Protein chains: 2
Amino acid sequence: MAPIYFTPGPAQLYPTVAQHLQAGLDKQVFSQSHRSQAFKDLYRRTDAALRALFNLPEEYAIYFTGSATEIWERSLQNLTAQNSFHLVNGSFSKKYLDHAKWLGRQTEVLQVPFGEGFDIDHFQILEGTELVGLAQNETSSGVCMPVQDIHALRTLFPDPLLSVDIVSGAPYAALDFSKVDMAFFSVQKGFGLPAGLGVWLVNERCRRKATQLEGQQYTGGHYSIKSLHEQFLQFQTPCTPNVLDIYLLCHIVEDMLAAGIDTIRRQTESKAIQLYNFLEESNLFKPFVQNPLHRSPTVVVADVVDRPAAQVISKLKEQGLVVGSGYGNYKETQIRIANFPAVSEADVDQLVKALRQL
Amino acid sequence: MAPIYFTPGPAQLYPTVAQHLQAGLDKQVFSQSHRSQAFKDLYRRTDAALRALFNLPEEYAIYFTGSATEIWERSLQNLTAQNSFHLVNGSFSKKYLDHAKWLGRQTEVLQVPFGEGFDIDHFQILEGTELVGLAQNETSSGVCMPVQDIHALRTLFPDPLLSVDIVSGAPYAALDFSKVDMAFFSVQKGFGLPAGLGVWLVNERCRRKATQLEGQQYTGGHYSIKSLHEQFLQFQTPCTPNVLDIYLLCHIVEDMLAAGIDTIRRQTESKAIQLYNFLEESNLFKPFVQNPLHRSPTVVVADVVDRPAAQVISKLKEQGLVVGSGYGNYKETQIRIANFPAVSEADVDQLVKALRQL
C-alpha cells in the first residue's frame, strides 16, 4: 500500500489528481500557449468552478500567482500606503506582518501565545488602518478563527480592508466573502494538488484602493492588481502561469462540486471530531489547542506526552502513515495531522487505530 | 498521431516528461514536505545536474522562483539602487527595462529595431552603471546575441553586473558563466517542461552587491537574494516551491547530460540550418532576421510573404504541426518556430516538408 500523507502541505494528493494529470498530458494541455483560446477557456472554467465552490460574489476577481507567500507581498504593495494591522497567533500570520515591516509599513499587531486564538470583543483597531491581515487557519499551531468571528470583524471595523489567509482552511472554511475583501490560498493543502500556485480572490473595494495607489508607489509591476486585473478581464495572466496546476485545480474543484461542498465540510468535521475525541481520551497525546472553538478542523495539532514526537512519527511511517512534525520550536514535542478532503474517513480510522496502538 | 508543438513556450514537452511525471506520482514526491531531507536531496541533485549542464563555476548559486518574469523584478530590487542599462531589441528585453522604470530606477537604453541585434563595438555604457540587462535570445523577434558578443561585454565594460536572460536560449547557448554575473530562464521553453518555475543563476559578485543593498532598500522579502541564499545553503527554498517542476527539471537535465550537451547543441544547429535554408529558398517565407549572425537557432521567425500568417498556421495545424504566431504587431505577418531540444530532427524534417507543400 502506498503511504497516506497527513502532512499539512505539501499533502496527500486529491484522489483524482493522477487521472486528470494523465488526461492533461494526453491532450497536450501543457504545451498550449497561455495566450491561446484554449487557455482562456481553461481560466474561465476554473473561475466558474471556484466561484461556485466559494459562493463568491460576482464582484470578486480571481488571480493566479506563484505562491500564497507572494500574495502577502502583493496585497500589501497594492492595498496599503502607510500601515497595516495584523492578528498574529503563529508563524504564518507573523510572516504576513514581517512582510509589512520589510515594505516599511507602520504595523500594529495583536499577538496571542502560540496555540491560542482571538477574542474579538477585546481588541481595537486604530482609525485609519488600511488593511487587517489574519489567518483563518494557522497551519503552524492548529488554531482556527471561526468564520463567524471573521464576519463579525466587518461589523466591528467596517473601514479597513479585511485580508484573510485561507491557505490551510480552504475549501472547508465557509467564509462569507461579502464580509471580507480578499482571501488567498495555495493549492498544496486543502485542494490536494502539487505545490506551485497561489490563488488570490479580490473584491471591488480592494481594486478601488489599488487604483488610488497606482502611480503613487511601486505596486509589483506585472503582479500589480492593475496588471493582474487587466489580464483577468480577458482570462489571461501577465506572464506564463503554472498551467498544469490551474488545469488540475479546475478539475479537482469540479470534482469537489460533484461530491458537494456541504458533504466535504460535514466529512471534514466528522473526521476532525474523531481525531480530537481520540486526543482527548489518549494518554500519549493531548490536543494542543485548549479552546475547542479555536481547534482547527483541517490541521490538528497534538502534544506528545511521554516520548519524542520523532519516535511517534517514525513508528507511524513504518505503517505507511505520514504525519507532520510540530512547527519550529515544537518539532520535538508535537505532531500535526492534516485533515484535508484528500484523506478519507477510512484513512482517518486507520490513523486513529494506529495512534491508539502506539 | 499527437500534434507536435513548435511553439516558443509553452512548448513541446521533452520526450521523457510523461514517464518522469508518472514515477514522481508513484513515489508520492509531490506530497513530501519541502522541509524534508527528500526535498533537500532533490534540490542538491538538481543543482548538481544544472552545474554540469551549464559548466557553472562553483561560486554560483541556483535559486528557484515562480517565473522568469519574477527574476526581472528580484534582480533589479537586489542588485541596483539607482540605475540600470538595457539592451532592448524586442518585447522581452523591453519588459526588463519596464520593470526597472516601475521600480524607479534611472534607466539607459540602447534600442535597435525589432528584428535587429547589437553591434557591440558601437555603444557605450555610462560609468557608474550598476547592472546591464540583455536577452541572449529575444523570443519575440528571433534575434540572438552570439555568446562571444556577451563575453566581449565583460572586457569592454568590466564594472556593471551583467544579467543575461537565457529564457529561450538555454540550454543551447554555450554561455561562459565566468564572464557574466547572473542568468535566468523558465522551464517551459528549451527544457520542455510544464510552465511554473523560474531558475536564477547568481554569482558571488551579485551576492556581494545584494549584501550592500540589504537593509537600505526593499529587496523582495522572502524573495530577496539574502533570503534565497540562506535557504539555498541548506538546499531549501523560502516558501513551498513548484516541487513537481523541480523534480522534472532534475530528471530532464540528467537525460540531457546522458544525451550529451554537445550533441544537443549540434542537433539544434543542424535543425536550425535546415529551417533557415528552407526559408532562404522559399517563395512563401523569408527569414525575418537579416543578419545571419543574429538569427536565433532556437526561435526561428519567418515573414509570410503572400498570405495571412493565420492561414499558414491553420493549414499546418490540420497536419498536426503547431507553430507559433508572430509576436504582438507581427501576428498577422509572421510565424515563429521553436527549435528546442524536445523537437527531433525527424520532427523538423516533417515540418519543412509541410512548409514546402503550402
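Colleague: Okay, on the other side of H6(B), which residues are exposed?

Modeller: Keep in mind that this is a predicted model. On that side, Thr211(B) and Gln212(B) are exposed.

Colleague: And which residues of helix H6 in chain B are buried?

Modeller: Those are Cys206(B), Arg207(B), Lys209(B), Ala210(B) and Leu213(B). Looking down the axis of H6(B), the buried residues fall within an arc of 160°, so they line one face of the helix.

Colleague: What do the buried residues of H6(B) pack against?

Modeller: Quite a list, all in chain B: strands S2, S8, S9 and S10, plus helices H3 and H7.

Colleague: What about the N-terminal end of H6(B), which residue caps it?

Modeller: Asn203(B) does, with a side-chain oxygen 3.0 Å from the backbone nitrogen of Arg205(B). Just after the helix, Gly215(B) has a positive phi of about 90°.

Colleague: Switching topic: how many residues of chain A are in contact with chain B?

Modeller: 44 residues of chain A, and they touch 44 residues of chain B. The two chains bury about 3600 Å² between them, with 61% of it on carbon and sulfur atoms. On the chain A side, Ser31(A), Tyr218(A) and His222(A) lose the most area, together 17% of what that side buries.

Colleague: How many salt bridges are there across the interface of chain A and chain B?

Modeller: The rule finds two. Arg74(A) forms a salt bridge with Glu73(B), where the closest N and O atoms are 2.7 Å apart.

Colleague: And which helix gives the most to the side of chain A that touches chain B?

Modeller: H3(A), with five residues.

Methods
Residues numbered from 1 in each chain as written. Chains lettered and ligands numbered in written order. Predicted model: local features only at pLDDT ≥ 70, side-chain atom pairs only at ≥ 80, totals over all residues. Heavy atoms only, no water. Buried < 20%, exposed > 50% of the residue type's maximum accessible area, 1.4 Å probe, protein only. Helix = DSSP H or I, 4+ residues; strand = E, 2+ residues; numbered from the N terminus. Arc of directions from axis to C-beta. Contact = heavy atoms within 4.5 Å. Polar contact = N/O pair within 3.5 Å; in protein donor to acceptor, adjacent residues only side chain to side chain. Buried area = accessible area lost by both parts, 1.4 Å probe. Salt bridge = Lys/Arg side-chain N within 4 Å of Asp/Glu carboxyl O.
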